[in-house]
Amino acid sequence: MKPVLRFIFAAIVFFVGLYLIIFFPLPSVLVIACTIVLVGLHDVTQKEHTILRNFPVIGHFRYLFEGIAPEIHQYFVESDLDGKPLNRIQRRYVYTRAKKAVNTHPFGTEHDLQRENMEWTAHSIYPSPALDEAPRVRIGTEACTQPYEANLLNISAMSYGSLSKNAIMALNKGAAAGKFYHNTGEGGVSDYHRMGGDLVYQIGTGYFGCRDAEGHFSEERFRETADIPEVKMIELKLSQGAKPGHGGMLPAKKNNEEIARIRGLEPWTDVHSPPGHSAFNSPQGLLEFIDRLRTLSGGKPVGFKLCIGREQEFVDICEAIVETGLKPDFITIDGAEGGTGAAPVIFSDHVGMPWENALVFAVNTLRRYALKDDIKVITAGKIIDGFDMFKALCLGADLCNSARGMMLALGCIQALECNLNTCPAGVATNNRAKMRGLVVEDKWVRVMNYHDGTLDDFLDLYRAAGCTSLSDLNRSLVFRQRNNKVEAFADLYPDMAVRETV
Ligand SMILES: Cc1cc2nc3c(=O)[nH]c(=O)nc-3n(C[C@H](O)[C@H](O)[C@H](O)COP(=O)(O)O)c2cc1C
Ligand code: SF4
């Protein structure tokens, strides 16, 4: 039984017991005494739990309180800056934007602006005029015949399977209404992705949606999926921040008949995609594969996503781009603090480069090889509010993706049960009863509102900084408080000069 249900059950037993004791004292005391003796006998004779053997009856309270500790902590103890992975302020930010609630704040900031790691931007005395519409970013190198004009904020990769069908439909409808893209995640394109929103079709090591019977890449299947008109770009996933070097995981509980059919799998089994790709095994192989995908898709932009691990491997890819002239249209940088439906904790905690370092390293390396103008950099990693977007673009990203921000907009309450198929908000589950609570017609509006509100906040900062073009955003605009000093991002991460041989 779930800890919360166990707690409610215990509370009911307690109050019913109290009632019986008051009105039927003698029989009640006898029943209670017998129950305690029986539970105690069971506890001392069972061999599974040491605590219960050593502390019969009373030991149950330990398990009860341990089980509901996260809920007690979130509702009663957690401060605004507590709460992991996303703190209360970040969650509240999304909820207020999603519900279009009052988003102004009275009486001044509640933060200590000189606290460690507080970040801020330098506004200008000469703010720029309001924009008629938000700028968009063109993605597509010269090899691409169907370039795409992308929104500055989009939905990061999350598969149907890790998210419920209602969640996928609401995300896609929100994307259609707000004119931003929806990355399918590595689970392939399902009918629920086809509510009219632009799609980025992601291909992982399991090649879902483009695999043959042996699980290898199939040109024919790929062409069918890439031809879908809503598919505007294709993203080859090399790795994701939460589990780099470890293939995707779909727990058996979530792998129902429908998901298995879409992905070409055996239902109700744990699915572990391989950690690496079978279609290539070198920088040149990767670039040739990307070029092949672009041709097979009829010239749509194709890029790859990774969490940076060994720096030299990224440098080798840049070298190979210069040598072969084969360019990806975009590169998506995911930080090691990225989210997931399910991952081994040791990978989430200890593998891969954190977001800020990874983004700066990738941007600097592309600039060094004079590739940054052609190859767009997309990034994800706890980009929740307008300032996060502003900082990402100042560091050198061209546009942003958000996964968990969009989940919160769908109603996620950070219960952290995405891997158990018990998500209470109906977001990360295929349990029908739970999913029912997520009403698509209500939630797509929230996805769109959250997107639009966050983009508006970004544009307000952009104007306050006096920017008139996205290229005005740079590292001299962002600062951080550290060790009682102001750290300028421009000094911390100096721009990389183009290397001399280019
Ligand atoms: C439930 C869930 C499922 C995800 N599935 C994928 C996936 O299929 N492919 C992928 O590249 N990243 C996947 N991610 C990672 C996100 O796309 C994103 O890169 C990461 O969570 C960082 O963004 P965030 O901080 O906005 O969540 C998933 C994340 C979550 C939370
Ligand atoms: S509410 Fe659902 S989606 Fe959100 S963290 Fe919990 S289980 Fe995951």
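Trainee: Which residues does Trp 120 touch, not counting residues up to four places away in sequence?
Mentor: Trp 120 touches Phe 387, Leu 477, Val 478, Phe 479, Gln 481 and Val 486. Contact here means heavy atoms within 4.5 Å.

Trainee: What kind of model is this?
Mentor: This is a predicted model, where local features need pLDDT of at least 70, side-chain atom pairs count only at pLDDT 80 or more, and totals for chains, interfaces and linings use all residues. Residues are numbered from 1 along each chain as its sequence is written, chains are lettered from A and ligands numbered from 1 in the order in which they are written, and side-chain values use heavy atoms, with hydrogens and water left out.

Trainee: Back to Trp 120. Where is Trp 120 found?
Mentor: In strand β1, residues 119-121. Strands (E, at least two residues) and helices (H or I, at least four) are DSSP runs, numbered from the N terminus.

Trainee: What is the relative accessible area of Trp 120?
Mentor: The value is 34%, which makes Trp 120 partly exposed. Buried means under 20% relative accessible area, exposed means over 50%, and partly exposed lies in between (1.4 Å probe, protein chains only).

Trainee: New topic, ligand 1. How many residues surround ligand 1?
Mentor: 23 residues do. The closest are Ala 157, Gln 202, Gly 339, Lys 382 and Arg 404. A residue counts as near if one of its heavy atoms lies within 4 Å of the molecule.

Trainee: What does the shell look like by class?
Mentor: Around ligand 1 there are five nonpolar, 12 polar and six charged residues. Ala, Val, Leu, Ile, Met, Phe, Trp, Tyr, Cys and Pro count as nonpolar, Asp, Glu, Lys and Arg as charged, and the others, Gly among them, as polar.

Trainee: Which side chain has an N or O atom 2.8 Å from a nitrogen atom of ligand 1?
Mentor: That is Gln 202. Gln 240 also places a polar side-chain atom 3.2 Å from a ligand 1 nitrogen. Ser 159 has a polar side-chain atom 3.1 Å from a ligand 1 oxygen. The cut-off for a polar contact is a pair of N or O atoms within 3.5 Å; within protein, one must be able to donate a hydrogen and the other to accept it, and residues adjacent in sequence count only if both atoms are side-chain atoms.

Trainee: How much of the accessible area of ligand 1 does the protein cover?
Mentor: The protein covers 98% of the 610 Å² that ligand 1 has on its own. Accessible areas come from the Shrake-Rupley method with a 1.4 Å probe; for residues, only the protein chains shown count as cover.

Trainee: And which residues are around ligand 2?
Mentor: Among them are Met 407, Cys 412, Leu 416, Cys 418, Cys 423 and Val 427. By class, the ligand 2 shell has nine nonpolar, one polar and one charged residues.

Trainee: Stay on Leu 416. What is its phi near?
Mentor: Phi of Leu 416 is near 60°, positive in a residue other than glycine. Leu 416 sits in the loop between α14 and α15. At 54% relative accessibility, Leu 416 counts as exposed.

Trainee: Asn 430 next. Buried or exposed?
Mentor: Asn 430 is buried, at 14% relative accessible area. Its place is in the loop between α14 (404-410) and α15 (432-435).

Trainee: Which backbone oxygen does the side chain of Asn 430 reach?
Mentor: That of Lys 254, at 2.6 Å. Leaving out residues up to four places away in sequence, Asn 430 also touches others, including Asn 255, Ile 259 and Met 435.

Trainee: Now the whole chain. How many helices and strands are there?
Mentor: 17 helices and 15 strands. Of the 502 residues, 49% count as buried. The C-alpha trace spans about 90 × 60 × 40 Å along its principal axes.
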